[in-house]
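Here are a few notes to read alongside the model. Have it open while you go through them.

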Amino acid sequence: MRISGIFRKVGKFIFTCSWVVLIAFLALALVSKANGNDGSILGYQVKSVLSGSMEPGIQTGSIIVINTKTSATDYQRGDIVTFTGEEAMLITHRIQEIQNSGTQFITKGDANNGPDVSPVPVSNIVGEYSGITIPYVGYVLHFATTAQGAALLFILPGILLVSYSIITIRNALKEVKQLVEEKTA
């Protein structure tokens with residue numbers, strides 16, 4: 001086998017694996033959102049980022065993977081954590097300072113001028129950023145949680161499936177008609 005053939009096969013394998021991982025992350029995130037809970041696999045969750053407070057490291061519209069099994073004593077200055085802020089909104093920011101023997105944290109978005117107004121209690125931290133980011137998928141995930149997005153995600157595959165079935169049945173009928181004409185001739 002030629003070297004170019006080997007590179008082509010390895011490239012196809014890597015490309016396929018990348019798509020499988022991306023689809024798995026997206027499926028996990030969609031199922032989690034649809035069920036209204038935070039689906040977790042081996043202590044990891046997928047979250048969408050819809051603000052630019054952590055740019056350029058984490059872009060707006062990305063999805064990130066967070067580790068929910070991190071112990072409260074493991075958080076250090078410089079760690080990026082996802083926590084519940086006001087009105088139960090999830091926020092992902094970097095720890096700037098540890099207060100009260102590690103029970104509260106001062107956080108700040110990398111793109112923000114100053115730290116967040118309120119300290120974050122350790123009980124509000126959902127998990128620590130694992131370093132895995134997939135750009136732009138967060139927009140799709142956010143759209144999927146809207147009524148229009150959910151309808152599109154359920155209706156479009158149905159339309160495609162029905163269309164494929166109609167085409168398959170029509171082709172099968174053509175073949176049957178051809179066989180009948182051949183036998184009668």
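This is a predicted model: local features need pLDDT of at least 70, side-chain atom pairs count only at pLDDT 80 or more; totals for chains, interfaces and linings use all residues.

1. Residues are numbered from 1 along each chain as its sequence is written, and side-chain values use heavy atoms, with hydrogens and water left out.

2. The chain has three helices and seven strands, taken as DSSP runs (H or I of at least four residues for helices, E of at least two for strands, numbered from the N terminus). Along the sequence they come in the order α-β-β-β-β-β-β-β-α-α.

3. Of the chain's 185 residues, 27% count as buried, meaning under 20% relative accessible area with a 1.4 Å probe, protein chains only. Take the contacts (heavy atoms within 4.5 Å) between residues at least 6 apart in sequence: 48% of them join residues at least 24 apart.

4. Now look at helix α2, residues 137–144, where Val137, Gly138, Leu141 and Ala144 are buried. They sit on the same side of α2, because they cover an arc of only 120° around the axis, judged by the directions from the helix axis to the C-beta atoms.

5. Which two residues form an aromatic pair? Tyr75 and Phe105 do, edge-to-face, at 5.9 Å centre to centre and 85° between the planes. The rule asks for ring centres within 6.5 Å, and planes over 60 degrees apart count as edge-to-face. Tyr75 is in the loop between β2 (63–67) and β3 (80–84), while Phe105 is in strand β5 (residues 104–108), 30 residues apart.

6. Both partners are buried: Tyr75 has 6% relative accessibility, and Phe105 has 1%.

Methods:
Buried means under 20% relative accessible area, exposed over 50%, partly exposed in between (1.4 Å probe, protein chains only). Rings of Phe, Tyr and Trp (its six-membered ring) pair if their centres lie within 6.5 Å; planes under 30 degrees apart count as stacked, over 60 as edge-to-face and the rest as tilted.
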